[in-house]
Structure formats: C-alpha cells, structure tokens
Amino acid sequence: MSHQPTPLLEVRNLQKFFPIAKGWLKRVSGHVRAVDDVSFTINEGETLGLVGESGCGKTTASRCILRAIDPTAGEIIYRTRDGRTVDLAGLDRAGLAPLRAEIQMIFQDPFGSLNPRMTLFDNVGEPLLVHGMRNRAERTDRVADLLRVVGLRPEFMHRFPHAFSGGQRQRIGIARALATNPRLVVADEPVSALDVSVQAQVLNLLLELQASLKLTYLFVAHDLSVVRHISDRVAVMYVGQLVELAPTDALFRRPRHPYTAALMRAVPVADPRETSTDTILGGEVPSPAAPPSGCYFHPRCRFADARCRTEAPALREVSPGHFARCHFAEQMAAPSAG
Amino acid sequence: MDPLLSVRDLHVTFKLDEGVVRAVDGVSFDVQPGQVLGIVGESGCGKSVTMRAILQLVDRPGQITGGKITFRQDSGVLDITTAAPRGATMRALRGADIALIPQEPMAAFSPVHTVGEQIIEAILLHDSGLSRKQARARVVELFQDVGMSMPEQRVDAYSWQLSGGLRQRAMIAMALSCRPRLLIADEPTTAIDVTTQAQVLALLKDLQRKYGTAIIFITHDLGVIAQMASHVVVMYLGRVMEQGPVDDIFHAPKHPYTRALLRSIPGMHGTTRTPLPVISGTLPHPFNRPPGCPFHPRCADAIAGKCARDVPELLPVTARQSASCFLYPAASPA
C-alpha cells in the first residue's frame, strides 16, 4: 500500500431496510434491517474483505454500492476516473450510466451468471456493446485480449459456456467484468462455488489482475481463510452492522470483537494436530427483523454484562485503523497461540 | 479386527448416449467399527457415488459393474453388491444399520409432514414392536440428544419452520433414530454457516463417542476432515490416490495429488496476498479420462513414458499408509 492512501469509495451510514408486508392489504408491519448503519472506506488499489455469515447483510451492502438495489439511507461517495466525487446513492439512472463501466461485479455462481445461449464473444463482449463499442472487429480484438488476460485461449470465443468447467466459467465472468476497464470490482463469493484446486488458481488470477490493472476490490465472502489471504483490510458484519474493521494482520492477530474471535475459532483448521479446546459459540444469529436490545451480539457473547443488554455500542477506533463495535474491545485478549 | 464395512475394487459406470462415465473405477477401503473415516476429493471424484453404491442407491443409467461391498452384521457378513436394490434385505439395512445424513437437509425432509412424523415413520418401519406413543417419546429423547431446545414442541414443527442448524440437527436425530452401526455423512455441513458448522461438528463428535457409531465423513473441506476423521481416503477421478491415518495424510502426504491439494489451500497462518501453489490444469471431462494414472496430466512429478501408460495400484508405502503412485517402487501396474 502507498503511504498516502486515496479513498476511492466512502460508504457513510448506509442503510437498507426491506418492508415486511402482512395480510391481504399488504400493510407494512415491520422492517428487515438488512444493512443498518454501515460505514467504511476503500482506498485505491486495495482489497477490502467483507465477511459474515448468511443474512448478515454483506451481499445487500455490496448490491447497494452497485446500485443494483436502492439504499434506504446513507451516502456512497465515489471518486470518478476524472477526479470528481459523486454520491452514488443520490444518482438517477442517467447519472449512473457512465459510472457503470467503472464499477463492475464478479458473481458467485459460474453456472448461473453466464447466458447459456450466448457465445463467449457475446457474453464477454456485451458490456462493450452497451458502453458504445459498435465495431465488431474492434470488439473481437478486445474480447480476445480479455480472454488471454484471464488465462483462456482466444479460440474459445465462439463456444458456449456449457463447454467449460466451473473454474473456466469463473474466468469468463472475470473477463466480462474487466471488459469496460473498471476501477472498482465488487466480487461476491467469487470462489466459494469452486473446488479447492481451482479456487487457488482463481485467487491467484485476482491478485495478478489487481497488480497489473490497478484494480480496487470489495471482496465479499464467508470463508475467513480466503478473505484473510486476499484482503489488505477486513470488515466483519453481524446482523446488518459492521462489528469490526481492521488491517488483515491486526484483525487476525488480535480480534477486538468477540464475534470476530468466535468466527475465527469456528473455522476448522486443516491440521489434525491443531484441535481447538475453546468453547464453541452457542445460539443462533438473530433475525434482522427483530434484533436484540443493546449490542446485537450480547445473547451469544460470553463477555456480555448488563450494559451490553441495554446500551448499543458504537463502532469506535480502538487502535490506529482498528475499529470495533464492543464496549470491552480494549479488554479482548489476543488468542493463545495454536 | 474385522472391518464393519469393506469395499473391494468397486466399479460404478454410467452408460450415457455420449459415452461411458467410469464414476468409480476400482475403489477399495475398509471401515472399522466405531471409526471415523474421512473421504476427501473434489467434484467428480466419485465420493458420493461410492456412498450411494454402499446403500444400493445408484440410479440408472448408473450401475455397479464390478467389485464387492460387504457389511458385517450380527447374523453374519452381508454382501451388499448381490442384494437386490429394492429387496427386503436392503430395505431392512438402510436406515437401521446404515444411515445417511445428506448434504441439503431442506431437500431431505418433506415440507408437508412434521419432522417428528417423518422420524416416527422411520422408527416404526424398522421396529414394529413399538407403539406410536413410544416412538414419539424416542424422538423427543433424540432431539434432546442432538441439543435441540424445546424438543416436545419441535417434534411438531415442519422442516421449513426450522433454521439451517436445527434442520441439520433434526436430520442427525433421524439418522440416529434406529441406532445404526454406520453413519454416512455426505457433506453434512457444506450448506450451513461456520459457527453453526462448528456446533454440528462438535455434536457429531460427541454422539460418535457416546454411541460408538462408525462414520464415513464425505467432504471437500480439508479443515473438516482434519478435525473429524481418524483415517482418510483421498479420491481423484474415481480412484483412491492415498489412504492412511489423518496425521500421516496431513503431515506426511505421499501422493503428489494429496500434497498439491494441501498446499493449495489458504491457511489461517501463512503469508497473505502471495500466489498460492496451484495444481496446474483442470479436471478432465468425465468422457475424456486420461489413460494411465488419472492424475498424470496435472502431476508435477509424472514419470515420462510410465504414468501416462500404466495405472498404478494402491499399495502400502509405509506401515500405515498406502498410495497409488509409481514414485513408490512397490507400485506395480494394475
């Protein structure tokens, strides 16, 4: 990372509530607080990992940034290629159109995210067409380049997706995301549908592309070891809130939120000699429609006391660059070695 | 000790219009009573088909075309491969002696019957001496065993009313309902979150200790294998590449595939943002099986003129481990 990091994206107090409709009148009886006051910054050229369990709001947050869905409240400040800053949350369709090329997405399911009736040329080339590259010969050259960049042979261009394996399809999806020369790439679980040996290949490709094309990644995933491997900084979400945000090494060396620590303990280590004798996190993730009082994590937290039940902690800076949403973040001890 | 389950040179093929897929191509392993055997492999390695063969549940066009599967019962040794898939022997065996925990508990339970009804049905099917009331009491007891709160109420719940973790616990309760000697767990935690996974794995470990049930644990997750299994079988393209005690597999792997697989996973301790060692190439298409050792096109240690021609046999390479690889002189062409 450079010494003077320039923020590319600043998410401020992002909220996304989904109404719950009841009865035949579809009266709104409550809200699912899918994303509830999330703030973070992604600097140019870095990878921010966004982790959490299913239903924590990580995908909803990333979809708000892409404006695939409209946020309920909050600002998404993006610095464009020509140096202007815009609030993506406030833009309309026409205002967003030119920026769509700069922010692209890599999807989780390599089988569902490619059109099976379109050849690779059409799948990868469509964003080029949408963004104004009308000349077919020009598009052919660009698609050939893109396939080469992601490690596929340009001759494959006229084949259909079904002829490719999961790992190869994920490469095709990456080529399509890169077609418009994006600056920010949102990758939602890009390797979780892949086999172990293929997963390593795709992670390596993402790292290579980031270095050569100066890409900025928002890497959304549930697998902590994958997130740890690829991220410069990691944000942890729980029931729609950001509970911890820190540089990768600091987070894994000394998590300051009990949920992060529990999440780390829960990962089965690929070494039979490293057996955890630590207690397993009990209970279940509460519903984001009816979160608990105070700290959302208190019913499952072994450190919780009376204050946690009533007073919601704020996300605060515990040490430089290390944020945690816990009353007792300072007292959280480093996990014992091994 | 006599093994509880013994699989010898099992072959399962699928005859399709486009060609023949050899999904399982000469697999052999044993499960000892009370042992947790982990079977690890990537998609298409034949791990799930092997398990279906053990239960005689291979669907057409798949067919067991060779080999022998034997299961030890009180009354003697049963040859599963010769039993009729729909016959009385297999129907008595499934659920009672060998139970399955499937990957997707949502798909495994019927949504129009309560989970309790479905488990009671299984119990009554195998134990006709019980009354409905007794069976229900047994389900409540089982739900307590698998750590479900409010077991009396949960018996009357539908599967869609339960969370993923609870549903998987109910599935485990169902699998244990007839006190099986062998439990086959096919990716039982793949569909659930890490913290729930940790709970379910701990539960399986506890129950295994309590009842002494043997478990075959199938997964692609090397972390889960390391934490759960005492013995490991590594499969690739329908063949066993290596097998041995879990500590040897993880700390002294012999087969190049096992070694490469272990190197390619990002750990919780290594350096970050550096290229991971990869297994080059891709899994071959099932119609396009390479000749010789199935792993040779991707193997860094392949011996020219040998690995592409001959199929290595699974042979002992140490006192406890065996591997099918020509790097070890004992291996001779099968």
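## Helices α7 and α8 of chain B

Helix α7 (residues 164–176) of chain B packs against helix α8 (residues 194–211) of chain B at about 20 degrees, with the axes 10 Å apart. Axes are lines fitted to C-alpha atoms, for helices over the stretch in contact, and angles run from 0 to 180 degrees between N-to-C directions. Helices are DSSP runs (H or I, at least four residues), numbered from the N terminus. The angle makes α7(B) roughly parallel to α8(B) (under 35 degrees; 65 to 115 is roughly perpendicular).

The crossing of α7(B) over α8(B) is right-handed (near helix turned clockwise from the far one by less than a right angle). From α7(B), the contact takes in Gly164(B), Gly165(B), Gln168(B), Arg169(B), Ile172(B) and Leu176(B). Residues of α8(B) in the contact include Thr196(B), Val200(B) and Leu207(B). Contact means C-beta atoms, placed from the backbone, within 7 Å. By class, there are 6 nonpolar, 5 polar and 1 charged residues. Asp, Glu, Lys and Arg count as charged; Ala, Val, Leu, Ile, Met, Phe, Trp, Tyr, Cys and Pro as nonpolar; the others, Gly among them, as polar.

## Model and numbering

This is a predicted model: local features need pLDDT of at least 70, side-chain atom pairs count only at pLDDT 80 or more, and totals for chains, interfaces and linings use all residues. Residues are numbered from 1 along each chain as its sequence is written, with chains lettered from A and ligands numbered from 1 in the order written.

## Helices α3 and α4 of chain A

In chain A, helix α3 (residues 120–130) meets helix α4 (residues 136–149) at about 115 degrees, axes 10 Å apart. That makes α3(A) roughly perpendicular to α4(A). The contact includes Phe121(A) and Leu128(A) of α3(A), and Arg139(A) and Leu146(A) of α4(A). It divides into 8 nonpolar, 2 polar and 2 charged residues.

Terms used: Helix = DSSP H or I, 4+ residues; strand = E, 2+ residues; numbered from the N terminus. Parallel < 35°, antiparallel > 145°, perpendicular 65-115°, else oblique. Contact = placed C-beta atoms within 7 Å.
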